[in-house]
Amino acid sequence: MLSKKLEDALNEQINKEFYSAYLYLSMAAYCEAESLPGFAIWMRLQAQEELGHAMRFFDHVNERGGRVVLKAIEMPPPVWKSPLEMFEQVLEHEQKVTGMINQLYELALNENDYATQMELQWFITEQVEEEDSAGQVVDQLKMVGDQPMGLLMLDKQLGERRAATGGEEGTD
Ligand code: FEO
């Protein structure tokens, strides 16, 4: 059974994961408007992954006898100055999420909740991947600078991203 403290914190994290999905969908809309369809595909898939993360926490709270309480989702920004500024925000956001997951893990340790620690270990590994992939695109956008050809090539490359296959939703 989840402690009340952990239940509240996990409910807060469900909200943050939904916000992440909302943020990346907003970025997808911006990319569509900027005629960058490959960037938009990447963002849509990222938004789907975030929904998978939210549902993973949702299921965990239910399975542990807790009560899921959904809260209002904050409005994400609608526009960015450039694809680079947008991806820098992705990286910064994922670093913030990593901090939240680490704090949840600390709480699960303090509450002696071993099952939640196990669940959070998956997220700790996932965050390494999330930060790495966002950081890689930031580096590539810096290399591209203001060369339109480079940006179009990167758009093509990002458009090749495919949804995670196999296993449960949100495991990639
Ligand atoms: Fe749910 Fe991008 O971390």
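How many helices and how many strands make up the secondary structure of the chain? There are five helices and zero strands, where helices (H or I, at least four residues) and strands (E, at least two) are DSSP runs numbered from the N terminus. The model is predicted: local features need pLDDT of at least 70, side-chain atom pairs count only at pLDDT 80 or more, and totals for chains, interfaces and linings use all residues. Residues are numbered from 1 along each chain as its sequence is written, and side-chain values use heavy atoms, with hydrogens and water left out.

**The whole chain.** Display the C-alpha atoms, which fill a box of roughly 55 × 30 × 30 Å along the principal axes. Buried residues (under 20% relative accessible area, with exposed over 50% and partly exposed in between; 1.4 Å probe, protein chains only) account for 47% of the 172 residues.

**The cores.** Select M27, C31, F39, M43, M86 and F87 next. These residues have the most contacts inside the largest nonpolar core, which has 24 residues. Such a core is a set of buried Ala, Val, Leu, Ile, Met, Phe, Trp, Tyr and Cys residues joined through side-chain atoms within 4.5 Å. Helices α1 (4-33), α2 (37-63), α3 (83-110), α4 (114-144) and α5 each supply at least two residues of this core; the largest share, seven residues, comes from α1. Centre on M43: leaving aside residues up to four places away in sequence, M43 touches Y24, M27, A28, C31, M86, F87 and V90, a contact being heavy atoms within 4.5 Å. A second, separate core of 17 residues includes L2, L10, F57 and V61.

**The salt bridges.** The whole structure holds 10 salt bridges, each a side-chain nitrogen of Lys or Arg within 4 Å of a carboxyl oxygen of Asp or Glu. Select E12 and K71, whose closest N and O atoms are 2.9 Å apart. E12 lies in helix α1 and K71 in the loop between α2 and α3, so this pair ties together parts 59 residues apart in sequence. Move to E119 and R56, which meet at 2.8 Å, N to O. Because E119 lies in helix α4 and R56 in helix α2, the pair ties together parts 63 residues apart in sequence. E119 is buried, with a relative accessible area of 16%, and R56 also counts as buried, at 13%. Finally, select K4, E7 and D8, which are linked in a network of salt bridges. Within helix α1, K4 and E7 lie three residues apart, about one turn of the helix. K4 is exposed, at 55%, whereas E7 is buried, at 14%.
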